[in-house]
Structures are given as structure tokens and as C-alpha cells.
Amino acid sequence: MSFPFIKKLMSLHTGFDGQAAHQFVSAFKKLMEDRKRNGNKRGDFTDYVMELLEKVDTPEFKKNNVTELTIMTQALVFFFAGQDQTTNLALFLVFYVSQNPEVEKKIVEELDKVLEKHNGTIDHECLSELTYLTACVNEVIRLHPVFFRAERICTKDWEMDGVKI
């Protein structure tokens with residue numbers, strides 16, 4: 001969607017076609033509708049996209065040609081860009097934990113404690129209680145950063161909410 005001239009190349013070599021993008025957008029819209037209906041805010045990427053979509057009709061967004069399609073396309077890019085990094089993070093975390101039985105023991109104890117406190121379920125709200133696991137994840141990110149360079153270059157001056165690029 002961002003680069004229509006490579007659509008044929010993408011579908012030939014990756015199997016990623018317009019239908020997959022439409023399915024993603026449809027599922028993402030359903031998630032946003034459910035959150036809006038339930039008044040459920042989590043402070044995550046989905047909430048951020050919902051905030052952006054509310055600004056589509058503002059003069060600033062119109063001036064910069066930011067449309068619903070623009071926002072949904074960026075959400076799709078963000079989602080797929082995170083797949084490799086998430087996989088690598090999980091793999092390195094498992095590797096380091098497997099090499100350190102005392103760390104594994106602490107993680108299991110922390111998980112057991114949180115599971116017991118929350119009747120055997122872990123949801124978004126109780127993730128903040130997993131402080132040791134979070135520290136382990138942060139250490140893996142420190143050792144193996146997921147982003148090492150910017151892929152985009154600004155071609156013209158741009159400003160929004162006092163931030164200038």
C-alpha cells in the first residue's frame with residue numbers, strides 16, 4: 001500500500017498480497033471498535049492508532065494528506081516490522097535463561113506468584129507485576145538491540161505539536 005509499484009514483487013516473492021492487508025485492517029478495525037464500545041484503554045499501540053484516526057479530519061492532518069488509509073498502512077508496517085524483532089528477542093531470552101538456571105528459577109517463581117494472585121491468568125493489566133521478567137527482557141534488548149539504524153529519510157521540513165523534523 002505504501003509502495004504500489006512493488007505490489008507484484010511482494011505477492012510473487014512473499015505471498016503477501018492485498019487480501020492479507022485487507023484482513024489485517026479488518027481485524028484491527030474490529031479490535032478498535034471493541035475497545036471503543038467497551039471503553040477499554042490500555043495505553044498501547046492500538047490506543048495510539050485510535051487517537052490518530054480521530055484527528056484525520058483536523059486541518060493539520062488534511063494539510064499533510066494524512067488519511068485513514070495512511071494511518072492503517074503505517075499500522076500494518078509497524079506490525080510486520082516488529083515480527084522479526086519479537087522473534088529474535090524471544091529466542092535470545094530463551095537462550096540466556098537456559099544458560100542461567102538461577103534466573104529461570106526466579107522467573108518461574110515470579111510467574112507462579114502472579115498466576116496465583118490472578119487466578120491462573122495473565123492479562124495486560126498484570127504484566128507490570130512481572131518486574132524480574134521485564135528486567136530480563138530489558139537486559140536482552142540492551143545486549144541485542146532490535147533497531148540499529150533508521151530506515152527512513154526526511155525529504156522536507158515537517159512539524160507537529162512543536163516537534164520539528
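Analyst: We take the rings, then the cysteines. This is a predicted model, where local features need pLDDT of at least 70, side-chain atom pairs count only at pLDDT 80 or more, and totals for chains, interfaces and linings use all residues. Residues are numbered from 1 along each chain as its sequence is written, and side-chain values use heavy atoms, with hydrogens and water left out.

User: How many aromatic pairs does the structure hold?

Analyst: A pair of aromatic rings is described by the distance of the centres and the angle of the planes. Rings of Phe, Tyr and Trp (its six-membered ring) pair if their centres lie within 6.5 Å; planes under 30 degrees apart are stacked, over 60 edge-to-face, the rest tilted. The structure holds four such pairs. Phe 24 and Phe 28 are stacked, because their centres are 5.7 Å apart and their planes are at 10 degrees. Phe 95 and Tyr 96 are edge-to-face, at 5.3 Å centre to centre and 65 degrees between the planes.

User: Which residues do ring pairs link into a cluster?

Analyst: Phe 24, Phe 28, Phe 45 and Phe 78.

User: Are Phe 24 and Phe 28 buried or exposed?

Analyst: Both are buried (under 20% relative accessible area; exposed is over 50%, partly exposed in between; 1.4 Å probe, protein chains only). Phe 95 is partly exposed at 45%, and Tyr 96 is partly exposed at 28%.

User: How many disulfides are there?

Analyst: A disulfide is a covalent bond between the sulfur atoms of two cysteines. The cut-off is a pair of cysteine sulfur atoms within 2.5 Å. The structure holds zero. Cys 126 is buried at 1% relative accessible area, and Cys 136 is buried at 12%.
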